[in-house]
Amino acid sequence: TDSGNSKEADAKRLFQKGRKCPQMLEPQERTLLNGFYKNASVGADATVNILDKVTHPDLREELCTQLEYYRKQKQEICRQMQEAYAMPQEQGAMAKFCANVSLQMRCMGNQSNSNIAKQMLEGTNMGVIQLTQLMHRCPDVPEKLRRQGSEIVRREEAYMERLKPYL
């Protein structure tokens, strides 16, 4: 079949003679990378869904900067997983829809910049908690992944600090 030939050609391009085939991801590595991806994906979706309500130019710029970070993070995690012939788990359409509706409802009566900053701060804090719990449940991952997770948490915490002046 054409797809079989295409896959074979891709494999030959990726692994020329003498190159080692990549290691498969261990279950904890896959779980952790999927958690990192979910955090970036949920953060990006929430930011996109709230951005049109932001009137304060500095808050809008802050959200756009964070959105770009989430997009780059998703690309990097995809790259990491693809190197091991894995793909990140995408959040389901229903979960995305429910999260968006929930965010819209919390902002419906109060679209102030203060409330928007509060909603983003609370969502980011929830993500930090989930990432921290996930890292504790996956103790047997390479140090490189542990550092990556710690860096993501550090950046999320710094983002929360940057949101606080808008409360």
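**Exercise 1.** Determine the handedness and orientation of the crossing of H2 and H3.

*Solution.* The crossing of H2 and H3 is left-handed, that is, the near helix is turned anticlockwise from the far one by less than a right angle. This is a predicted model, in which local features need pLDDT of at least 70, side-chain atom pairs count only at pLDDT 80 or more, and totals for chains, interfaces and linings use all residues. Residues are numbered from 1 along each chain as its sequence is written, and side-chain values use heavy atoms, without hydrogens and water.

Next, the angle: H2 and H3 pack at about 150°, with their axes 9 Å apart; axes are lines fitted to C-alpha atoms over the stretch in contact, and angles run from 0 to 180 degrees between N-to-C directions. H2 is therefore roughly antiparallel to H3 (over 145 degrees).

Finally, the contact of H2 with H3 comprises 15 nonpolar, seven polar and four charged residues.

**Exercise 2.** Characterise the packing of helix H3 (residues 57-83) and helix H5 (residues 113-137).

*Solution.* The angle is about 25° and the axes lie 11 Å apart. H3 and H5 are therefore roughly parallel to each other (under 35 degrees). Their crossing is left-handed. Leu59, Leu63 and Tyr70 of H3 meet Asn113, Ile116, Met120 and Thr124 of H5, where contact means heavy atoms within 4.5 Å. By class, this contact of H3 with H5 has five nonpolar, two polar and no charged residues.

**Exercise 3.** State which helices each supply at least two residues of the lining of the second largest pocket.

*Solution.* They are helix H2 (27-51), H3 and helix H6 (143-163). By class, the lining of the second largest pocket has seven nonpolar, three polar and five charged residues.

Technical notes
Helices (H or I, at least four residues) and strands (E, at least two) are DSSP runs, numbered from the N terminus. Angles under 35 degrees count as roughly parallel, over 145 as roughly antiparallel, 65 to 115 as roughly perpendicular and the rest as oblique. Ala, Val, Leu, Ile, Met, Phe, Trp, Tyr, Cys and Pro count as nonpolar, Asp, Glu, Lys and Arg as charged, and the others, Gly among them, as polar.
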